[in-house]
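Please keep the sequence and the coordinates at hand while reading.

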Amino acid sequence: MLVIAAASSLSACKTSPIGTSGTDPSPGRSPAYPATGVLVLYDTTGQYGSLGELYAVQAGNLASHFGSWDAVPVTKYTPGSTRKYRLTIYIGSTYDEPLPDAFLADVAAGAEVLWLGGNLWQLIRKYPGMGFQAATIDDAVPSGVRYRGTDLTRSASAGGLVSTTLSPGVYSKTLAEATMPDGSSRPWAVRVGAVTYIAEVPFTYVSFDDRYLALADLLFDLLAPQTAERHRALVRIEDVGPHSDPAKLREIADYLHSRNVPFAAAVFPVYDDPAGVYSGGAPVHRTLSESPQVVDALRYMQQQGGTLIMHGYTHAFAGGPNPYGVSAEDYEFYRAHVDGTGAVVLDGPVPEDSPSWALSRLEGARAEWTKAGLTPPDIWEFPHYTASATDYRAIAGAPGIRARYEQVLYFNGILGGTGTRSVSQYFPYVVKDAYGTPVIPESLGNVATQRFNQHGVRLAPDLLASAKRQLAVRDNVASFFYHPFLGLEYLPQLIEGLQAMGYTFVSAPTLLQP
């Protein structure tokens with residue numbers, strides 16, 4: 001599930017076909033930039049100032065795929081900073097954030113800049129000859145974004161865009177278009193000189209099919225333009241534990257092996273159902289070492305091309321229902337409850353949350369793996385993708401953990417700011433995120449055959465439709481997870497559908513290789 005941050009109040013647009021116009025006075029890119037490094041500048045003032053930090057973290061995470069990044073509030077910009085970096089990303093999320101004259105001057109002097117959202121009008125007022133003639137907020141709401149021949153979705157909740165008008169005769173290139181409900185189109189991403197401008201902040205109301213993918217791909221143009229087209233896929237068998245059916249695990253492994261598909265299995269080593277929800281009221285506590293048939297099935301999965309990863313310790317909270325009281329259904333590293341509408345609400349860190357507590361869960365899990373005769377994995381996935389910033393950092397710094405494999409929750413304070421907001425982010429390629437760990441992508445979600453909590457039905461055709469849109473990212477990883485209790489009812493459609501699209505399945509560890 002994606003935890004969506006609130007949208008900023010920006011909006012807008014202008015009609016223009018995809019392509020170029022005017023005469024390019026200086027084709028090619030300036031050689032006067034460093035080879036690597038991205039500077040992320042973000043807004044911090046106003047009612048939604050805390051969102052700026054979250055947007056900056058998300059932009060930095062994407063940029064990390066290409067190298068190092070630093071983030072600074074734009075109000076603290078110092079003259080000449082853009083010259084120290086390959087690219088500067090400015091995120092205009094607060095209307096009329098006071099932009100320093102030094103920043104505007106460096107942009108006008110030819111700094112390579114990716115500008116997202118608002119406040120372009122400040123640059124235009126200060127330097128009217130740069131090629132942008134006007135920028136205004138337009139409340140007309142696009143229905144989607146067309147990029148690289150792909151129609152990407154866009155939630156109506158994201159509002160309108162910023163409409164730009166270019167100076168007559170200026171050379172420009174329209175990189176993506178916003179499509180309107182009446183069938184017309186308006187520029188969504190345009191390049192003028194050394195400025196690549198996107199008419200919104202595309203981190204709001206994000207889905208697996210979203211215009212966020214266009215931003216993720218445009219970074220290749222700016223940071224790795226020679227990247228060849230490549231499309232890889234991952235499958236992860238989810239919530240495997242001592243309670244799992246060994247026959248289904250073997251059946252799935254056999255099928256994947258028959259298709260030459262490497263795969264992962266996310267395993268938690270201790271299963272608890274203290275109220276006997278699924279055992280007629282009799283409490284159940286079971287470990288891997290007490291489940292030899294499951295252990296044998298896990299070894300068999302490895303022989304068939306499977307990589308085992310560590311999916312928490314108990315996938316549950318020892319202090320009571322969280323929210324249901326059964327392993328695999330509960331959160332382990334965060335408190336949660338179900339509200340009156342049936343939706344799961346995240347409440348905050350567990351009472352004992354600390355680096356030492358998080359590491360104790362890791363060490364407890366490792367001890368159970370070892371007791372079962374299995375080597376503890378070096379790839380980690382948080383249960384339900386949810387933990388506190390403290391826990392993420394603790395696992396990131398733990399010896400023997402080289403990567404995480406998940407979507408990720410990010411909080412205010414990561415960059416030193418204040419606020420109580422959080423946002424979840426998925427990635428279309430490997431990143432080294434703000435917590436300091438390489439993150440293997442999960443970008444498609446899973447098959448869900450019935451509505452549960454706030455999660456709707458999502459079947460194989462829905463995942464395949466998302467994977468098709470994600471081909472818009474020139475070097476992407478389409479990654480999904482699958483619960484073994486479904487058997488082979490939906491898995492062949494997914495595997496063979498992705499292969500038919502041109503995706504090549506790889507093992508998760510290969511994505512960590514240089």
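The model is predicted, so local features are given only at pLDDT of at least 70 and side-chain atom pairs only at pLDDT 80 or more, whereas totals for chains, interfaces and linings use all residues. Residues are numbered from 1 along each chain as its sequence is written, and side-chain values use heavy atoms, with hydrogens and water left out.

## Aromatic rings

A pair of aromatic rings is described by the distance of the centres and the angle of the planes. Here rings of Phe, Tyr and Trp (its six-membered ring) pair if their centres lie within 6.5 Å, and planes under 30 degrees apart count as stacked, over 60 as edge-to-face and the rest as tilted. On this basis the structure holds 22 aromatic pairs. One of them is the edge-to-face pair of F66 and Y429, with 6.0 Å centre to centre and 75 degrees between the planes. This pair links distant parts of the chain, since F66 sits in the loop between α1 (49–63) and β3 (69–73) while Y429 sits in the loop between β23 (422–425) and β24 (431–432), 363 residues apart; helices (H or I, at least four residues) and strands (E, at least two) are DSSP runs, numbered from the N terminus. Both F66 and Y429 are buried, where buried means under 20% relative accessible area, exposed over 50% and partly exposed in between (1.4 Å probe, protein chains only).

Why is the pair of Y410 and Y435 stacked? The centres of the two rings are 5.2 Å apart and their planes are at 15 degrees, so the pair counts as stacked. Y410 belongs to strand β22 (residues 408–411) and Y435 to the loop between β24 and β25 (438–440), so the pair ties together parts that are 25 residues apart in sequence. Y410 is buried, with a relative accessible area of 0%, and Y435 is buried as well, with a value of 6%. Both tyrosines belong to one aromatic cluster formed by F333, W357, W380, F382, Y392, Y410 and Y435.

Arginines also lie over ring faces: R236 over Y405, at 4.6 Å from the ring centre, and R250 over Y300, at 4.8 Å from the ring centre. The criterion is that NZ of Lys or CZ of Arg is within 6 Å of the ring centre and within 35 degrees of the ring normal.

## Helix packing

Axes are lines fitted to C-alpha atoms, for helices over the stretch in contact, and angles run from 0 to 180 degrees between N-to-C directions. The table gives two helix pairs.

| Helix pair | Angle between axes | Axis distance |
|---|---|---|
| α7 (residues 355–371) and α8 (residues 389–396) | about 55 degrees | 8 Å apart |
| α5 (residues 246–258) and α6 (residues 292–303) | roughly 5 degrees | within 9 Å |

The angle of about 55 degrees between α7 and α8 makes α7 oblique to α8, given that angles under 35 degrees count as roughly parallel, over 145 as roughly antiparallel, 65 to 115 as roughly perpendicular and the rest as oblique. P355, W357, A358, L359 and L362 in α7 meet T390, D391, A394 and I395 in α8, contact meaning heavy atoms within 4.5 Å. Six of the eight residues of α8 are buried, so α8 is largely enclosed by the rest of the structure; the buried residues are A389, D391, Y392, A394, I395 and A396. Their cover includes α7, β20 (379–380), β21 (403–405) and β22.

P246, L249, R250, A253 and D254 of α5 make the contact with Q293, V294, D296, A297, Y300 and M301 of α6.

## A strand residue and the backbone

I89 lies in strand β4 (residues 87–92) and counts as buried at 2% relative accessibility. Not counting residues up to four places away in sequence, I89 touches V38, L39, V40, L41, L114, L116 and L219.

Most residues other than glycine have a negative phi, and most peptide bonds are trans. A cis peptide bond, with omega about 5 degrees, joins N322 and P323, and P323 is placed in the loop between β17 (306–310) and β18 (335–338). H315 is in the loop between β17 and β18, with a positive phi near 50 degrees, and is buried, with a relative accessible area of 0%. D239, in strand β13 (residues 230–240), has a positive phi near 60 degrees and is buried at 12% relative accessible area.
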